[in-house]
Amino acid sequence: MQSPIATERLLATTDHIIRSQQNLSDRQQPWIHPRLIQSVDPIKGRQLRVSQPVRKGELLLVDLPYALIPVVDHPEQSEDIRCSNPACHRRVARTVERVSCPTRCSADVVWCNQSCREADTLRHGFECTWLKKYATSIRSKWGEYDFGMLWLIVRILASRHVEFHNTPSSDKTGPGDVNPSSFETGWNAIRSFCGSQDTWAHSQVRHWAVLVKKYLGSSSSLPHGMTSSEVLDLICQEEANSFGLYPRETGAFPLPEPAVDRGEQFGAGVYPTAALANHSCSPNIIHKPDNQSRMVFVASKDIATGEECCISYFDLSSKVELQDRREHLQGSFRFVCKCDRCVSEEPPEEEVQWDEFPSMEGF
């Protein structure tokens with residue numbers, strides 16, 4: 001399958017890139033460029049590369065979220081809230097008649113029509129009691145960030161529940177049973193994400209452990225059957241691999257003049273294949289969710305055979321200086337960026353002058 005070329009400004013959206021050339025507008029499977037491959041680096045771990053040259057503007061990936069939550073203020077008035085049905089995830093405007101959960105478990109849970117609600121019965125049934133029981137209290141006691149993180153974990157577990165219900169044998173294949181150059185899918189992909197309890201600061205892990213004990217234990221209101229340690233591991237993986245959803249593309253570099261930020265976040269999601277992309281402060285991929293909240297990767301530069309395909313983990317227009325970028329990445333993702341741009345911007349090491357021997361006094 002030949003990847004299309006964007007003829008207009010590189011906006012990572014399937015609407016203008018592929019609608020006229022590819023039958024992907026309602027696809028419920030990820031689309032991966034035939035030249036996009038997975039490899040393993042001894043330092044970085046898994047990464048995305050191309051097996052042959054790819055031109056600027058080519059579509060590289062359209063990945064479906066394994067789990068997604070809205071991130072909006074005042075969901076009843078928001079124009080950016082998405083349909084909760086994973087097969088839809090389209091924006092549900094205020095002007096249409098939204099369908100809410102009959103139990104009113106959370107104002108953030110809406111569907112664009114009755115058919116979408118009915119199609120989502122099994123998945124939402126898994127989260128509904130938990131939301132009804134905890135959503136308000138978690139937000140009040142711990143704040144929006146912790147609530148969003150916990151809800152995203154619950155939605156990952158809900159997708160796992162649906163996956164096992166539809167294909168009960170899916171849990172029998174572990175990450176070690178898969179060819180390392182192939183792309184894993186579903187729960188197996190989530191389990192193979194990088195990130196562990198050792199990745200994060202002890203204080204952060206202790207905080208998450210408290211939340212797991214209070215809100216994510218396996219019970220009648222959340223029947224996942226995993227141990228607390230396994231759920232804690234899942235949080236460590238999700239926090240290292242989830243994507244924020246923004247209305248404009250992330251990763252445009254060099255920055256246009258005048259610089260345009262990526263806009264206000266409206267969601268957060270976990271994407272099985274997109275999560276393989278590593279960071280660079282001079283990325284060769286831009287990414288953006290399309291109108292179904294699928295994550296779309298587009299080459300922003302020509303990419304040579306064997307070259308790694310990198311995205312930016314943050315809005316490059318917001319952190320321009322080397323120190324700001326590195327502090328953000330160290331604080332949020334626990335690594336010091338050594339991309340070509342960062343290395344080239346490092347100040348030269350001060351040369352030591354040996355004009356005379358140091359004094360021996362005091363020895």
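## Salt bridges in close-up

**View 1. Arg-248, at 36% relative accessibility, counts as partly exposed.** In this predicted model, the side chain of Arg-248 meets that of Asp-261 in a salt bridge, with an N to O distance of 2.9 Å. The two residues are 13 positions apart and link distant parts of the chain, although both Asp-261 and Arg-248 lie in the loop between β8 (243-245) and β9 (267-270). Asp-261 is likewise partly exposed, its relative accessible area being 41%.

**View 2. A salt bridge joins Glu-144 and Arg-139.** The closest N and O atoms of this pair are 2.9 Å apart. Glu-144 is partly exposed, with 48% relative accessibility.

**View 3. Arg-325 and Glu-345 pair through their side chains in a salt bridge (3.0 Å, N to O).**

**View 4. Asp-120, Arg-123, Glu-127 and Arg-155 belong to one network.** These four residues are joined by salt bridges that share partners. For context, a search of the whole structure finds 17 salt bridges.

Key:
Residues are numbered from 1 along each chain as its sequence is written. This is a predicted model: local features need pLDDT of at least 70, side-chain atom pairs count only at pLDDT 80 or more; totals for chains, interfaces and linings use all residues. Side-chain values use heavy atoms; hydrogens and water are left out. Buried means under 20% relative accessible area, exposed over 50%, partly exposed in between (1.4 Å probe, protein chains only). Helices (H or I, at least four residues) and strands (E, at least two) are DSSP runs, numbered from the N terminus.
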